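Hello,

Here is the structure we spoke of handing over. Please open it first, then read the notes below it.

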Amino acid sequence: MVENNNLPHGVEISGDLSPDYARILSPQALSFVAELHRKFDATRLALLQRRVDKQKQYDAGALPDFLENTKEIRAGDWRVGPIPQPLQTRAVEITGPVDRKMIVNALNCGADVFMADFEDASSPLWSNMMDGQVNLADLWGGDIGFTDPGNNKHYDVNDNPAVLIVRPRGWHLVEAHMSVDGAPVSGSLFDFGLYFFHNARKTIDQGRGPYFYLPKIEAHEEARLWNDVFIHAQNHLDIAVGTIKATVLIETLPAAFEMEEILFELKDHMAGLNIGRWDYIFSFIKTLSNNPDYILPDRAQLVMGQAFLGAYARLLIKTCHRRGAYAMGGMAAQIPIKGDEHANSQAFAKVKADKEREARDGNDGTWVAHPGLVPVAREVFDRLMPDGNQLGNMRDDVEVSQVDLLEIHRGEKTEAGLRENIRVGIQYIEAWLQGRGAVPLYNLMEDAATAEISRAQIWQWLRFNAELADGRKVTPQLFNQLLEDEMDHLRDNLGVESYNSGRFGEAIELFRQMSIAKTFMPFLTLPAYELIK
């Protein structure tokens, strides 16, 4: 706990403090974050309320569409600002949480870029968020090396590491352990502010820069807020405006209709857009959750290249290249399968085919979740993208309409799909409550988007008593029966002692409440945060 007389006026810190944390939470750094809060939080809250208002329109039957009042931007002849050399080669990007070992391994794994994730791949325990800030400050301070006491192996960053991009939390999240004038600070401003304050100039001095991935944006006004934050931050530290470069994840359905406008709002700070496929599926369900015409089949049948996923991916590439920005492909969540060479070969073949589709579509790079997949993605993009990017591939053949962006995938709703949503969703939430945000489940590396899809799909199936392939209706009774059955199987597999020592009781209750709630709750992580903060 930080004593009041050591804090800037109006600032309170309620999290535990270590000497390393105190180094990050210096009076100067806290003053900077407090300044960001006072200047920008009212706008953030207004934009969050705008989301609520828009969702009420969708719940009443309205559909997302391209904006009439911004058509001049879409028709205009403009391009984003110059992209610095470190971000001109992005064929393979790897993502993961901000723990020390992950940072070192990811920077050394042969990927072009590592996205250090304070958001969906990290559970926002105070210790996780602060350790991440310490680790990144140590990285740029040249002191990231450490020896693992478990195996006595020393880890350090090599001489040619991946380019670092940091993903702060989304606008909807707060950091409950810091308040300014009695109000909690935005998780976005906390993560961005501390990292930028301590490291921006060091990144520039070392030939890189302050680079960010921006999550969960739903409208171009939210991108404008980030742009205003960037300008203020650069002016505060006397850094040239435009030095910050951002890649925006298009991972919400409303944002897909505003890609041009998002690029425009951030054009001096823009590096590209990313196909955030998993969160995009969640957002599609969430946005249209009260519309019976948009009930999706099993998650496993929502494949890229088809229906709304294919349309949005193609539109993203065309939009980016028209404006001189990079188009980044989606995540390959597969992880190596030890002890089963046949299954492992099948998984890698699936990744290879997916990456070939992305490269042929015109993407300038792609994401993987595990170092073992870096060579697979590298081979594909080196072969199909020999010039280092595909900015010249304008995709003039692509025409995407509102109807295309709302076309649902064909497929069945099955008991197996319902069971998978229950099984995966609850196990992920349990791990998240214990502090792990990147969780290997059934040979996939899952993050918060997985649990969001799982509970959102169940909610919608229950809302409309969706019919399964065998003719049964999805009812609360069926849901509870399958949930109990799945948890019995999980308890048997884990062992009673391991099961009881976890946080499965809380995870089950939270998952059940959100699945059967009368109204759709926008984010699972909001009530879950109340259980860990």
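**Helix pairs, then cavities**

Helix H4 (residues 100–108) packs with helix H5 (residues 126–140) at an angle of about 40°, and their axes are 9 Å apart. That angle makes H4 oblique to H5. The crossing of this pair is right-handed. From H4, the residues in contact are Arg100, Ile103 and Leu107; from H5, they are Asn135, Leu136, Asp138 and Leu139. By class, this contact has four nonpolar residues, one polar and two charged. Please keep in mind that the model is predicted.

**H15 and H17**

Helix H17 covers residues 476–494. It packs with H15 at about 60°, with the two axes 10 Å apart. H15 and H17 are therefore oblique to each other. Their crossing is right-handed. On the H15 side, the contact uses Glu415, Leu418, Arg419, Ile422, Arg423, Ile426 and Gln427. On the H17 side, Leu478, Phe479, Leu482, Leu483, Asp485, Glu486, Met487 and Leu490 take part. The classes here are nine nonpolar, one polar and five charged.

**H16 and H19**

How do the axes of H16 and H19 cross, and within what distance do they come? They cross at roughly 40° and come within 7 Å. H19 spans residues 504–516. The two helices are therefore oblique to each other. H16 passes H19 in a right-handed crossing. H16 brings Ser454, Arg455, Ile458, Trp459 and Leu462 to the contact. H19 answers with Phe511, Met514, Ser515 and Ile516. Six of these residues are nonpolar, two are polar and one is charged.

**Cavities**

The structure holds three cavities of 30 Å³ or more. The largest cavity contains about 160 Å³ of space. Its lining has 17 residues, and those closest to its centre are Glu119, Asp120, Leu173, Trp432 and Thr525. By class, the lining of the largest cavity has eight nonpolar, three polar and six charged residues. Which helices each supply at least two residues of that lining? They are H16 (448–463) and H20 (525–530).

The second largest cavity has a volume of about 50 Å³. Tyr428, Ile429, Trp432, Ala448, Leu524, Thr525 and Ala528 line it. Six of its lining residues are nonpolar, one is polar and none is charged. H15 (415–433) and H20 each supply at least two residues of this lining. H15 gives the most, with three residues.

H15 meets H17 through residues including Ile422, and H15 gives the most to the lining of the second largest cavity.

Best wishes

Conventions
Residues numbered from 1 in each chain as written. Predicted model: local features only at pLDDT ≥ 70, side-chain atom pairs only at ≥ 80, totals over all residues. Heavy atoms only, no water. 1 Å grid on protein atoms, 1.4 Å probe; cavity = no way out; pocket = protein on both sides within 12 Å on 5 of 7 lines; lining within 4 Å. Points joined across faces, edges and corners; volume = space filled by probe spheres on them. Helix = DSSP H or I, 4+ residues; strand = E, 2+ residues; numbered from the N terminus. Nonpolar A, V, L, I, M, F, W, Y, C, P; charged D, E, K, R; others polar. Axes fitted to C-alpha atoms, helices over the stretch in contact; angles between N-to-C directions. Parallel < 35°, antiparallel > 145°, perpendicular 65-115°, else oblique. Left-handed = near helix turned anticlockwise from the far one by under 90°. Contact = heavy atoms within 4.5 Å.
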